[in-house]
Each structure stands twice: as C-alpha cells, then as structure tokens.
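Please look over the charged side-chain pairs in the structure below. The numbered points are meant to be read beside the coordinates.

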Amino acid sequence: MTSYSISEINDILKGELIGYTDHKIEGPEEIKKAKNNQITFIGSTKYSKFWTDSEACAALVCPKSVIEPGDNRAFIRVKNVDLAMAKILELFSPQTPVFESDIHPTAVIHESAIIGKGCKIGPNCYVGKDVELGDGVVLYPNVCVFDETIIGEATVVWSGTVIRERCVIGSHCIFHINVSIGADGFGYRPSDDGRGLVKIPQIGNVIIGHHVEIGANSCVDRAKFSSTIIGDGCKIDNLVQVAHNSVMGRSCIMAGHSGLAGSVTLGDGVMIGGSASINDHTTIHSGATVAAGSGVMNDVEAGKTVLGYPAQDARAMLKEWAVIRKLVKNQ
C-alpha cells in the first residue's frame, strides 16, 4: 500500500506545514469518516468544528483557518484546498484496468484503419473503415468507433461508448461509459398527407476539441449539416444532452441532466447547472451562468447569471420569489 509522510506530502503541495504527525498517510477521506492514517481537508472555516472529533492525522486547510491541529496531528495550509486535494487524489489513485495485450484478439479492426503507437484496444471493440487513432488512444472493452472517425492522441474511451461515423475527436479526452457521440439529431416534420412524420436526414458530424471530458450516458448528436461542436476543455456531466448543430465554446461546464436543444450556442466559460434546459437557437454568451433547474428561452448576456423558469436575471428572480412568499404568508 502506498503511503507518505506528512513532510513528503507537503513537499509535493508546497504549502505551509503546521504541527507534525508521525503517522504514515495511506489515503484521503472526508473529515467525518477519516481514520488516523488518512488526510482530510477543511475547505471552509465552517467545517472547522468537525476537526476535534475527526480521527484524521492531517488536513489541508484554507488560509483563513485559525484552529490548531493538536497533538501528533498536522495541517498543511494551501491557497486552494480543492486543487491541493486533487493532487492528493492523484497520489493515491488506484491503477486503471490492466490490458493483458495491447490489442485483444476479439477486437474487430478494419484493415484500412490507422492505429497509432501505444494504442490499447480491449475485447469486443469495433474500429471501422478509415478510422484514425492517434498515439496512446485507449478503447476499453465493447467500444465502437465507426467509419472515417479521427481520435487524437491519449484519448480514453470507456466501455459501451459508441462514436458514429465521420466524427473528429481531439487529444487527451475522456469519454465515460455508454457515451453516445454522433447519433442522429432529432429532426422530424409532418408529412404532406398529414398521416405521419418525415425524418429529416442528419448528414453532419460531431467535432470535439482537446481535453474534453464527457460523463456516463451523455449524448452529443450529429449535426443536420455542418458540425455539432464542443470546444477545448469542456466538461460534461452524466446524463447530459447536446443536440444537433449546437456549438460550445472553450471550458464550458454542463452539470447532470442539463440539455441543449438544437442550434444552441455557448460562449467560452459558460456554466450550465443541473437539470437546466436551453431552448433551440439560443445564444448564451461567454462567462454566463444558468442556475440549476432553469429554463432558458432567450439569449443571455455575457457574464450574467439567470435563474428560474423561464430564466431571468437571478437577482430579479430572487426578489420576485421573496415578494410572492410574503404575499402568501400574509393571506
């Protein structure tokens, strides 16, 4: 089992060591569950009250913390507790599943596919005609990559994911289990005779930038024409829908159960809260935030936070709710 002294951890974090513990640290844990061989974190002063009863031998603390660690216990004061804890988690991250062979004999790979150096392709994967995999791409068991798709170096694709034909995926991406990339966009029109629906062909593709992470069971649909685009550094949670012809800028965040309807445009750094929904052909400009559960019907200005259904300026909506609450109480 990997373990570190408190001094070794502080050398990695380059924080301020307060106190000392001779316990070897064998992993991180939340403050209420930690044992005496574990390190925890106090990201805000409001959690300081839990330190006395915690069994943890060490904690990462924020600059505002004023509590003392106590006997045979230590603090490491850091500027950003969350980022420091991310480094701790990397230290103790367990090994990912092992490939006994780089390319499993049950994988089906078309003879025209180009496979880069160091790629790993698990059991029952399918790699189609004219697919290109960059160096170090990992396809876990039961991944399908269809014809003419390009995947950049060091991208990791977990089991059950399907990447449809002609998609372009960047480098250092992570797709978690059962992600769907490039399924048909949702397009139908009433037939001329009024007796059914006509499917609108979806002949575009999906383009995904570098360092994008997409959570389990999320879907990014192909465009009707041109491309559905996800910019560099975007992070998408589980159970998220990105519809056809939507365009996401750089470093956007979409939390679970949120969704973009067709032809939505997000600027850079947009944050979409859980279960929020965005109406089709809407633009949310750079730096804007959509609060959880909101429904956006109109364009949102850069840097603005909107809330509610239909969404409007967050402060205005909170004031409106406060007034309604007072009216109800006074009845």
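The points below take up the salt bridges and the exposure of their partners.

1. This is a predicted model, in which local features need pLDDT of at least 70 and side-chain atom pairs count only at pLDDT 80 or more, while totals for chains, interfaces and linings use all residues. Residues are numbered from 1 along each chain as its sequence is written, and side-chain values use heavy atoms, with hydrogens and water left out.

2. Searching the whole structure gives nine salt bridges, a salt bridge being a side-chain nitrogen of Lys or Arg within 4 Å of a carboxyl oxygen of Asp or Glu.

3. One of them pairs Glu 30 with Lys 33, with an N to O distance of 3.9 Å. Glu 30 is partly exposed at 38% relative accessible area, whereas Lys 33 counts as exposed at 54% (buried is under 20%, exposed over 50%, partly exposed in between, with a 1.4 Å probe and protein chains only).

4. Asp 102 and Lys 120 form another, their closest N and O atoms lying 2.9 Å apart. Because Asp 102 lies in the loop between helix H2 (81–91) and strand S6 (108–109) and Lys 120 in strand S8 (residues 120–121), the pair ties together parts that are 18 residues apart in sequence; helices (H or I, at least four residues) and strands (E, at least two) are DSSP runs, numbered from the N terminus. Asp 102 is partly exposed at 42%, and Lys 120 is partly exposed at 29%.

5. Lys 129 forms a salt bridge with Asp 130, at 2.8 Å between the closest N and O atoms. Lys 129 has a relative accessible area of 39% and Asp 130 one of 32%.
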